[in-house]
Amino acid sequence: MSAPKGTNVTFEDLETPAPLVDLAIVDANLKRMQDYCDSHGIRLRPHIKTHKSIAMAKRQLALGAHGITCQKLGEAEVMADAGIDDILISYPLVGKAKRLAALAARVKMTVAIDSEQALTTAAEAAASAGHTIGVLVEFDSGAKRTGVVRVEDALALARKIAETPHLTFAGLMTYPANENTVAFVNAARAAFDDAGIAIPMVSGGGTPDAFSVHELGVIDELRVGTYIYNDRMMIGAGHASLADCAFDVIATVVSRPEENRAIIDAGSKSLTSDPAGKGGPGHGLIRAYPDTVIDRLSEEHGMVDLTHSTAKPEIGEKLRIVPNHVCPVTNLHDAIWVEADGEISEWPVDARGLTR
């Protein structure tokens, strides 16, 4: 697949802070996940919130992904404009029927709901568009975010979906996929069977435990995002190794005010403040100096503790930093630099900043 056009530069040409992506690692990560899903008869519907890139989404689809997942309407609109025609919005839409209708009129749309209010939005959109919208009922598997917590509530929503013109009950959805998922789905199947309603599919999400989701025995579709790049959180979760991390933030050491302190030009506007969990301390892993800790961030500064590192970076040195959580880091940058076949070129982050 051809890459977006951009100016070829060298690593030393990069003005920091800059996100740099190794395309060979990306492709290996994509193939590994697609092969896993194919081998277990699970449909892969990747979540584009991690990369927000048309080019990356098309790489996923070219390998066999079954449509894409978006978290926001803005992301879906960008992807639809690029010709991607099978989109799930996995976030409940309330009061956004007009924009949803415009999407449903031109691509296959599925949405997730957990309330009558979200169902009403989907119904209004489908009626306005004159096209069917698939509806997944989301249930909570323990994350305590969105999702109904009782089987009877899921069944009640499924009944109303089935009774509503231009809506189709597409199945159940949850995040994360875990043992709680199994208990809920088994209880739901019994209740839905009694009511004469089929559950066409169960969609589960989450990169950390993705490669064991087949063991649950109830997941038909897998929604994962972080797997394309991986990060320190995924290392800590046991999903990936450092060699599987495709996305670095390149930063320059701009100050060494003390022997055991360095300042880099990447702060909270370039690196996420999210913790890495079991992935390690601080705000990112400096590849060349793994015993250092980026212990504090201000907007434009990263403060690096060098106390436990024998080797210490010098002023002017460029550092490769694996972020703790790559998804929000992507959204901090208008473009990424992509390294492929010895060349570096600039790719846009097409859906960057689209949080509505």
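Author: Helices here are DSSP runs of H or I with at least four residues, and strands are DSSP runs of E with at least two. Keep that in mind as we read this predicted model.

Reader: Over residues 246-339, how much of the chain is helix and how much is strand?

Author: Helix takes 5% of that stretch and strand takes 39%. Its end C-alpha atoms are 10 Å apart. UniProt, in an unreviewed entry, places the feature "domain: D-serine dehydratase-like" at these residues.

Reader: How many helices and strands does the protein have?

Author: The count is 9 helices and 17 strands. The radius of gyration is 22 Å, close to the 21 Å from the globule rule for 356 residues, so the protein is as compact as a globular protein of that length. The C-alpha trace spans about 70 × 40 × 35 Å along its principal axes.

Reader: Into which domains is the protein divided?

Author: Domain 1 covers 23-231, and domain 2 covers 233-324. Their centres, taken over C-alpha atoms, are separated by 34 Å.

Reader: Which residues touch the most other members of the largest nonpolar core?

Author: The largest core has 97 residues, and Ile87 and Tyr229 touch the most other members. Both domain 1 and domain 2 give residues to this core, so it lies between them. Another core, of 7 residues, lies apart from it; Val9, Leu14, Ala18 and Trp337 are among its members.

Reader: What does isoleucine 87 touch?

Author: Leaving out residues up to four places away in sequence, its partners include Arg45, Ile68, Met79, Val107 and Thr110.

Reader: Where are the cis peptide bonds?

Author: Look at two prolines. Proline 17 sits in the segment before strand 1 (18-22). Another joins tyrosine 175 and proline 176, with omega about -10°. Proline 176 is in the loop between strand 7 (167-175) and helix 7 (179-195).

Reader: Is lysine 52 buried or exposed?

Author: Lysine 52 counts as buried, at 4% relative accessibility. Its phi is near 55°, a positive value in a residue other than glycine. Find lysine 52 in the loop between strand 2 (43-44) and helix 2 (54-62).

Reader: And is aspartate 341 buried or exposed?

Author: Aspartate 341 counts as exposed, at 83% relative accessibility. Phi of aspartate 341 is also positive, near 55°. This residue lies in the loop between strand 16 (335-340) and strand 17 (343-348).

Key
Residues numbered from 1 in each chain as written. Predicted model: local features only at pLDDT ≥ 70, side-chain atom pairs only at ≥ 80, totals over all residues. Heavy atoms only, no water. Core = buried A, V, L, I, M, F, W, Y, C linked by side-chain atoms within 4.5 Å. Buried < 20%, exposed > 50% of the residue type's maximum accessible area, 1.4 Å probe, protein only. Domains from an automatic or database assignment. Contact = heavy atoms within 4.5 Å. Rg over C-alpha atoms; globule rule 2.2 N^0.38 Å. UniProt positions renumbered as here; feature names shortened; annotations may be inferred.
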